[in-house]
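Hi,

Here is the structure I promised to pass on to you. Have a look at it first, and then read my notes on the charged side chains below.

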Amino acid sequence: MKTTLLALAFAALGTTAALAVPVLKGDITVNAAIVTVGDMFDDAGELSETAIFRAPAPGTTGIVPLADVQAAAKLIGITDFDNVGYMRVRVMRASTTVDEAMLDKLINDGLSARGLVAQGITAEPHFDLTNVSFAAEQVDAPAVLTDLRYTPGTGVFAARFSIAGIDQPIDLTGTIQLMTEAPRLIATTPAGTILTKTDFEMAEVPVATANAGGYADLDQLVGKQLARQFRAGMMLKPTDVGDPTVVTRNSLVTVTLKEGAMTLTVKGQALSTAAAGEPVDVLNPVSKKILHGVAKPDGTVEIITASATTVASL
């Protein structure tokens with residue numbers, strides 16, 4: 001008895017499967033150039049991967065009348081399908097936007113691969129076309145640069161792109177401006193300031209402007225001392241800074257003279273301003289002798305060459 005019931009159950013399932021027919025969808029979204037039976041119908045079965053229509057262009061929508069669906073289905077062997085009342089099927093093609101930023105990167109990568117852009121330099125393309133935007137198929141690489149011609153002297157370029165989902169290549173022209181980064185002051189900074197990284201922000205400027213202005217790199221500025229006050233937003237030249245002053249004119253300094261194991265010291269008045277390592281003269285206020293030494297990072301002055309006369313002058 002149990003065996004008979006099982007047999008009847010399996011027979012009923014088989015009958016249900018045999019009676020199952022595809023069910024028409026009213027709105028579908030595809031991400032390929034071809035609409036398959038599985039896209040158009042639920043329960044498509046073995047025909048699910050079979051092509052039935054050509055999809056609209058990426059980012060667009062197409063309307064398929066019911067009569068066209070019936071005719072196309074019949075051609076591939078579907079003579080019957082369920083329809084809850086749709087008189088048309090709306091087919092939307094998914095897309096991703098290929099914009100100016102994406103194409104800029106492709107051009108930069110292309111120039112770098114050809115050795116036309118040095119490290120630290122970026123290309124800023126300016127397209128002749130006002131609105132650079134394309135709806136592409138949703139794939140890993142929606143746009144590929146297939147050809148690039150560039151004239152460094154004039155900056156003129158012509159680029160050809162392959163856009164996924166667009167049959168014809170896209171040709172774009174324009175000019176390229178080479179850009180670099182230069183440090184500029186964040187705030188107005190007084191003379192004598194010892195500069196640090198926090199005093200600067202990096203700003204993009206045309207390479208031609210940077211070369212003409214002779215702007216300093218960040219490592220040429222950090223740790224240096226401003227020669228005069230500069231306003232916020234200004235970019236500095238190497239001549240705008242110097243080594244930090246450690247000895248100031250007319251200041252009281254300590255003069256040292258090392259002779260073997262002996263070190264002599266005396267106070268004196270600096271006759272000039274000096275950075276570390278620079279020569280500086282110091283007046284001994286007692287003997288009225290002028291001592292010749294070198295400024296040290298700690299602000300002292302060291303007599304480098306010792307002699308009996310020098311010792312006597314101390």
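What follows is a short account of the salt bridges.

Please keep in mind that this is a predicted model. A search through the whole structure turned up ten salt bridges, and I would like to walk you through some of them, including the one between Asp42 and Lys25.

In that pair, the side chains come together with an N to O distance of 3.7 Å. Asp42 sits in strand β4 (residues 41-42), while Lys25 belongs to the loop between β1 (23-24) and β2 (27-30), so the contact ties together parts that are 17 residues apart in sequence. Asp42 is partly exposed, at 39% relative accessibility, and Lys25 is partly exposed too, at 23%.

The next pair lies within a helix. Lys105 and Asp109 form a salt bridge whose closest N and O atoms are 2.9 Å apart. Both residues are in helix α4 (residues 100-113), and because they are four residues apart there, about one helical turn separates them. Lys105 counts as exposed, with 54% relative accessibility, whereas Asp109 is partly exposed at 40%.

Finally, what about Glu302 and Lys296: what distance, N to O, goes with their salt bridge? Their side chains meet at 3.4 Å. Glu302 has a relative accessible area of 17%, and because buried means under 20%, this residue counts as buried.

Do write back once you have had a look.

Best wishes

Methods
Residues are numbered from 1 along each chain as its sequence is written. This is a predicted model: local features need pLDDT of at least 70, side-chain atom pairs count only at pLDDT 80 or more; totals for chains, interfaces and linings use all residues. Side-chain values use heavy atoms; hydrogens and water are left out. A salt bridge is a side-chain nitrogen of Lys or Arg within 4 Å of a carboxyl oxygen of Asp or Glu. Helices (H or I, at least four residues) and strands (E, at least two) are DSSP runs, numbered from the N terminus. Buried means under 20% relative accessible area, exposed over 50%, partly exposed in between (1.4 Å probe, protein chains only).
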